[in-house]
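This briefing goes through one protein chain, topic by topic. Keep the structure open while reading.

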Amino acid sequence: MPVLQSCSKTDNKATGGATGSALSSDAASAVYVAPGKHDEYYSFLSGGFSGQVAVYGLPSGRLLKVIPVFSQNPENGYGYNENTKPMLNTSFGFVPWDDLHHPKLSRANETTDGRWLFVNGNNTPRIARIDLKTFETVEIVEIPNSAGNHCSPYPTNNNEYVVAGTRFSVPVTPEGKLQDVSLKEYKDKFRGTISFLKVDKDHGDMNLDFQIMVPGFDYDLANGGKGPSSDWIFFTSYNTEKAGTLKEVGASQNDKDYLLCVNWKLAAKYAAEGKAREIPANYAHNKMNHETNQATSTMKKSVKILLPEECPDMLYLIPVPKSPHGVDIDPSGENIVISGKLASVIPVHSFSKMQTAIKNKDYIGDINGIPVLKYESVLQAEVKEPGLGPLHTEFDGKGNAYSSMFVSSEVVKWSLKDFKVKDRIPVYYSIGHLMIPGGDTKNPSSKYLLAMNKITKDRYLPTGPELAQAGQLIDISGEKMKMLLDFPLIGEPHYAQAIAAEKIAPNSAKMYKLDANKHPYATKKEADTKVVKNGNRVDVYMTAIRSHLTPDNIEGIEVGNEVYFHVTNLEQDWDVPHGFAVMGAQNAELLIMPGATNTFKWVPTKTGVFPFYCTDFCSALHQEMQGYARVSPKGSNVPIAF
Ligand code: RUQ
């Protein structure tokens, strides 16, 4: 067993104590996964401004894959090749980047089922679905009447809906969204919206079913109930004073913002009964067709929206300390934990008390007709002296909660029985989100906690001014938390999900079957390869197999032609992808999985002889997988030859 260095404070020159006194003495063996062995968990970390999702094995922290979602990815041509470009289409045009914050695994019976991963794009409001059989992004839905899309996505407990909430309130009226509005009209014309995407039980396809118009606050995060609170989803809000003061109590509530409680079951019922009005809305719905390996983008023209004043009992507000961030519901579904960045306590609201208060109409007033419950009548307890800057909370299923403290850089463990702090461990530094596998479901694991830290300082070898953010794996199996592992992360992870490997690995697709390939330009045998010219368009039906590309010498292309290379990988060995690139082409490469066809577009801008080749080392004769395309002057009428 490797012997760990001493970890006393004086050993760390840079900041003192950065190694952490709570380091487990056998940390190395706890995270050691021997060569050839697999990790116990898959974890999915959002990439924040990278627009991607990174998949790490836990406990080793080994990076297994980067899945591009909202960002173009030169490594495999996602968003560059013709197959996937439509995935990044929006009502704003082609948007090949986003700020991806929160992954959530799909659910069955209130626990994760390993079928899909839902993620949000903050900047250009979108929700994407990744298929965990192929680890590919297969669907992206743009969210209309939204800006910021931060409180997203939240799958309900049996994947009935994926719920998304706007961050910024937007000028939306019962007639539709206003385009050019004076910002002074905020109070009257700006509202929030919550969107409900219905999920197909078998295939996962999402469909924007309806929206709810909510008060013109700003909204931060949300989470769904479980058990008794399964029908509810809770949203934190801030800047609530911009939307008007509470009727009756007025400004005395100004030290508070609100938790918006939404009965989504009732909302879905109202929508099904036809209570929603249809308003114009432009948004893209993009889907990958598995059989053709081609994405399509459809523009939608309207959306249905429910108005709170027409839908009684659907929405309630609960006061919470000013500027809350995360809201997390414990595995029992009773405790609603609000982490208020600036608050000195962590308030825990009670779902059963909330139900009683609603029954007794124990209100202190209303906002836009939505009843506001009394803080004290809903409060279960306040966690005292938790630390500074609480952001998020996860649970271990053994009666404990773990909250991240951004300002005091620590994870704090507290009890759901007496709401007292039991343990704390320093993290390096400024933790944002934390994650326990299943820690947001009814069945959390109680082994590991992953801290995702915003600031790295001295944790790794310096790499210039820009440093990787840090993940820290913590052992939570005992009374005291123990630090196990540091590992650098990609982009800025805002949240993560993890699931036992056996829920995903056995279903992982090995390859695409050539027989089942329905790509319109698939070429299933070398004898069928050809080059077809039609006006300005040239289609090259190409095959790739160890160790040649066919055709490999192409003439008849002219400057300005639109040349499409449709490359089919004929390999039937599952682990032999081929690549394809052309000198000077404006796109990235193609990476073609065995049995699949991908399309590469090239518009040559000058005459010459252009080499092309396979970019993915595939055999001893990989260097021989190459060819030439001759580009002649426009109008030269050099005949097609190959
Ligand atoms: S949010 S930690 Cu999207 Cu807390 Cu970043």
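The protein chain of this predicted model contains 5 helices and 46 strands. Its radius of gyration is 27 Å, close to the 26 Å that the globule rule gives for 642 residues, so the chain is as compact as a globular protein of that length.

**Overall build**
- Along the principal axes, the C-alpha atoms of the protein chain fill a box of roughly 85 × 70 × 40 Å.
- Of the 642 residues in the protein chain, 51% are buried.
- When contacts between residues at least 6 apart in sequence are considered, 62% join residues at least 24 apart.

**Domains**
- The protein chain is divided into three parts: domain 1 (22-68 + 390-509), domain 2 (71-214 + 276-310) and domain 3 (526-632).
- A distance of 27 Å separates the C-alpha centres of domain 1 and domain 2.
- The contact between these two domains takes 27 residues from domain 1 and 25 residues from domain 2.
- On the side of domain 1 that touches domain 2, the elements giving two or more residues are strand 1 (41-46), strand 2 (52-58), strand 3 (62-68) and strand 36 (496-500).
- That side of domain 1 has 11 nonpolar, 13 polar and 3 charged residues.

**Helix 4**
- Helix 4 covers residues 351-359, and its residues Phe351, Met354 and Ala357 are buried.
- These three residues cover an arc of only 115° around the axis, which puts them on the same side of helix 4.
- In general, an α-helix has 3.6 residues a turn, so residues three or four places apart point the same way.
- The cover over the buried residues of helix 4 includes strand 18 (256-263), strand 21 (315-321), strand 23 (335-340) and strand 24 (345-350).
- Strand 26 (370-373) and helix 5 (375-378) are also among the elements that cover the buried residues of helix 4.

Notes
Residues are numbered from 1 along each chain as its sequence is written. This is a predicted model: local features need pLDDT of at least 70, side-chain atom pairs count only at pLDDT 80 or more; totals for chains, interfaces and linings use all residues. Helices (H or I, at least four residues) and strands (E, at least two) are DSSP runs, numbered from the N terminus. The radius of gyration is taken over C-alpha atoms; the globule rule is 2.2 Å times the number of residues to the power 0.38. A residue is buried if 20 or more other C-beta atoms lie within 10 Å of its own, exposed if 12 or fewer, and partly exposed in between; C-beta atoms are placed from the backbone. Two residues are in contact if their C-beta atoms, placed from the backbone, lie within 7 Å. The arc is that of the directions from the helix axis to the C-beta atoms. Domain bounds come from an automatic or database domain assignment. Ala, Val, Leu, Ile, Met, Phe, Trp, Tyr, Cys and Pro count as nonpolar, Asp, Glu, Lys and Arg as charged, and the others, Gly among them, as polar.
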